[in-house]
Amino acid sequence: MSRPPLNSPFLLGFDEIERALDRVARSGTDGYPPYNIERIPRSETEPERLRITLAVAGFTREQLDVSLEENQLVIRGRQVDDRERHFLHRGIAARQFQRAFLLAEGMQVLGADLVNGLLSVDLVRPEPARVIKKIDITARD
């Protein structure tokens, strides 16, 4: 799927967005591990959040790494083969992965949680204050 470049004369300063879209398009299409992204509505005590949930069955907390690298949320999983075990059938392979999610300006990571083989990462974007600024017009003679 191709997309038009953001080079309209009415779109000024969007070159960073175009680079981000190119980076997302080039990212791997590997479906492992599967993940969900859900919107969690605002409650009386918490703001509206986004929750990314990855199915990471078989990974321990020590084998997972969640980090912010510039404006990307990067989730890595590292498992090593247990050479002591002898399998008659091996359908579950020890596998490494890396998933990166490009975050919009201002997004904050609230925390990560691992429960029953599901790694959840909660994100929030504080609502920006609405700013209206009057621009003075100067006259040049």
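Arg39 is exposed, its relative accessible area being 58%; here exposed stands for over 50% relative accessible area, buried for under 20%, and partly exposed for what lies in between (1.4 Å probe, protein chains only). The model is a predicted one, in which local features need pLDDT of at least 70 and side-chain atom pairs count only at pLDDT 80 or more, while totals for chains, interfaces and linings use all residues. Residues are numbered from 1 along each chain as its sequence is written, and side-chain values rest on heavy atoms, with hydrogens and water left out.

The partner of Arg39 is Glu48: the two form a salt bridge with their closest N and O atoms 3.4 Å apart. Such a bridge is defined as a side-chain nitrogen of Lys or Arg within 4 Å of a carboxyl oxygen of Asp or Glu, and the count by this rule is 6. Glu48 itself is partly exposed, at 37% relative accessibility.

Asp122 takes part in two further contacts of this kind, one with Arg49 and one with Arg51. For Asp122 and Arg49, the N to O distance is 3.5 Å. This pair links distant parts of the chain, since Asp122 belongs to strand E7 (residues 118-124) and Arg49 to strand E2 (residues 49-55), 73 residues apart. Strands (E, at least two residues) and helices (H or I, at least four) are DSSP runs numbered from the N terminus. Both side chains of this pair belong to buried residues, Asp122 with a relative accessible area of 14% and Arg49 at 11%.

Between Asp122 and Arg51, the closest N and O atoms are 2.6 Å apart. Arg51 is partly exposed, with a relative accessible area of 23%. Through shared partners, salt bridges join Glu46, Arg49, Arg51 and Asp122 into one network.

Two loops hold residues other than glycine with positive phi. Glu70 has phi near 55° and sits in the loop between strand E3 (64-69) and strand E4 (72-77). Asn116 has phi near 50°, and its place is the loop between strand E6 (108-115) and E7. Glu70 is exposed at 80% relative accessibility, and Asn116 is exposed at 78%.

Phe14 is located in the segment before helix H1 (15-26) and is partly exposed, with a relative accessible area of 31%.

The second largest pocket holds about 360 Å³ of space. Its lining has 17 residues, of which Gln79, Arg90, Ile92, Ala93 and Ala94 are the closest to the centre. A pocket is an open set of points on a 1 Å grid over the protein atoms alone, where a 1.4 Å probe fits, with protein on both sides within 12 Å along at least five of seven lines; lining residues have an atom within 4 Å of a point. Grid points are joined across faces, edges and corners, and the volume is the space filled by probe spheres set on them.
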